Amino acid sequence: MTISPARAAAFSILEKVENSDSHSDDLLHGPAMAGLSQADKNLATALVLGVLRQQIALDARILPLLQRPESRLASPVATALRMGAFQLLHLDRIPAHAALSESVELARENGHPHAAGMVNAVLRGLTRAAAPRKPLVESTAAMAERLGHPAWLVERWVKHYGRAAAEKIAEYNEQEPGEGNLFERSEDGLRMDDGSRLVAELAAASVEAPKRIWDCCAAPGGKTMVLAARHPNAKLLVTDVSGRRLRAMQARLLREMPEAKVRTLESDAAKLAESEGEFDLVLCDVPCSGTGTLARNPEIKLRLEPAELSRQAKRQREILTAALKRLAPGGRLVYSTCSLEPEENEAVVAEVLEKMRGMERVGVETVLQKLTLCGDTSGLVHKGNLRTLPGVGFQGDGFFAAVIERKN
C-alpha cells in the first residue's frame, strides 16, 4: 500500500522532533514539506501539531491496549500508533480505514514489519473502546493526562493560578491558536500573536519619544517591527546571540519593512560592547522556557524538565542586569518572557532590582492606558505587571512583562 505524501511528511517530522532537538515549526517550513500540494501541507501540519499537542493523552489511550505496556516501543512504531490514534479520535473527515491502514504501513516501511500486526490490533481496539469521560472528581494528575500535559507542569499552574485557570490553559494548548481579540485586525504588516504584540506595543508606549532604542534579544523580529513602526525617527539597535536567527530577521525586515531604520548586531545581550552607549528604551524579551506558547510550540511540554526553570532564570538575571546598566537616566526597560513560571518572571525582576540602585518598577497599567485595545484590559494586570494567561479571558500566548525606569 502507498503511503500518502502528507502522512509520510508528518511521520518524518514527528520522528525528527522525537529523536533530536529539532522544532516542529522549523521542520514544517523545511524540506519535508517541499513539493506537497497545499492540501497535503495542511494535512501534514494538522497531523504534526495535533499529535504533539495530544501526545500524552494519546499515549494514555494506547497504553492499556498493548500486550506488554511495560515495554518501551521503538520510536517509529510509537509514532505510527500516535498518528493513527490522533486521526481516529480527532479528525472526523479522515476515513478510519485510511488512518488505520497507512499507520500499519508506516510501521512496516520504517524498519518494523513485525510490529504491523500489533499496530493494526491496537488501533482497531481503539475504535471499539469507549471514550473516557471526565469524572465528577478528578485529580490534577488525571486532568493533566486527559489534556495532554505533564502532571508536574499542571500542578504548578494550579498552585500559582488556581485549578480553573490551569484547566483552561491546558485546554487552550490543545487547540490551534485562533485569531486574537485584543487588536483591530489591520493591514499594517504587524500580524502576530496578541500576547507578543501586546509586549511590543507596551514597550513602544513606555517612552514617548526615545532617541535610541535597543531590542536586545530580537529574533525573530516581530517586536522589532512594532518598535520601528511606532518610533520611525529613533535609532534602533537590534541584537541577537544567534547569527543564523539574526540573518533570518534581517531578511524579514528587508522584505516586510524596508524603510525601517534598524541596525543589526550579533551580540550576547549580557555582553554588549561598551561603545554602544546608553539607550532611552530597552526591550529585554529574554529566552525562556516558553510555557506560555505551548499551543503553537507543543514539543516544549514533552521536553521540559523542572530543572530547566532555574537554569533559564540564571541566564535571565544576567541579561536583565546587563541591560539595565545600559539605560540612560530617565530611560525605561521592559522585561518580558513568554513563560507562565514565576521563577522566570517576578522572581527574576525582584532579585535583580534588589541588587541595583536607582531602578524603580513602573506600574504597567499606566502604560496600558496609552494603548488602543479592544475590550476590558483589567485582567491583564497582576500586581503591577502584565500577565496574560492563554484561554483565561485572553486568546493568545502567555506573556509576562514588567516596566523598569532608571531614576538617576
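How do the residues of the lining of the second largest pocket divide into nonpolar, polar and charged? I went through the model with this in hand.

**Ground rules.** I am reading a predicted model, where local features need pLDDT of at least 70, side-chain atom pairs count only at pLDDT 80 or more, and totals for chains, interfaces and linings use all residues. Residues are numbered from 1 along each chain as its sequence is written, and side-chain values use heavy atoms, with hydrogens and water left out.

**Entry 1, the pocket.** I took a pocket as an open set of points on a 1 Å grid over the protein atoms alone, with protein on both sides within 12 Å along at least five of seven lines. Lining residues have an atom within 4 Å of a point. Grid points are joined across faces, edges and corners, and a volume is the space filled by probe spheres set on the points. The second largest pocket comes to about 410 Å³. It has 16 lining residues, and D59, R72, L73, A78 and R82 are the closest to its centre. Helices α1, α3 and α4 each give two or more residues to this lining. I noted that α4 has the largest share, four residues. Here helices are DSSP runs of H or I with at least four residues, strands are runs of E with at least two, and both are numbered from the N terminus. The opening question now has its reply: eight lining residues are nonpolar, four polar and four charged. For these classes I counted Ala, Val, Leu, Ile, Met, Phe, Trp, Tyr, Cys and Pro as nonpolar, Asp, Glu, Lys and Arg as charged, and the others, Gly among them, as polar.

A cavity is a set of grid points where a 1.4 Å probe fits but cannot get out. I found one cavity of 30 Å³ or more. The largest cavity holds about 50 Å³. Its lining is L14, V17, E18, V51, L52, Q55, T79 and R82. The elements giving two or more residues are α1 (5-19), α3 (38-62) and α4 (75-90). By class I get four nonpolar, two polar and two charged residues.

I then checked helix packing. Axes are lines fitted to C-alpha atoms, for helices over the stretch in contact, and angles run from 0 to 180 degrees between N-to-C directions. Helix α4 packs on α6 (residues 116-128) at about 25°, with the axes 10 Å apart. That makes α4 roughly parallel to α6. The cut-offs are under 35 degrees for roughly parallel, over 145 for roughly antiparallel, 65 to 115 for roughly perpendicular, and oblique for the rest. The crossing of α4 and α6 is right-handed, meaning that the near helix is turned clockwise from the far one by less than a right angle. Contact means heavy atoms within 4.5 Å. I listed V77, L81, G84, A85, L88 and L89 of α4 against M118, V119, V122, L123, L126 and T127 of α6.

The axes of α8 (residues 151-161) and α9 (residues 163-173) come within 7 Å and cross at roughly 135°. That makes α8 oblique to α9. This crossing is also right-handed. From α8 I noted V154, W157, V158 and Y161, and from α9 R163, A165, A166, I169, A170 and N173. Eight of these are nonpolar, one polar and one charged.

Where did I find a cis peptide bond? I found it from A219 to P220, with omega near 10°. P220 sits in the loop between β1 (212-215) and α11. I also stopped at K383, a residue other than glycine with positive phi, near 55°. K383 lies in the loop between β7 (381-382) and β8 (385-387).
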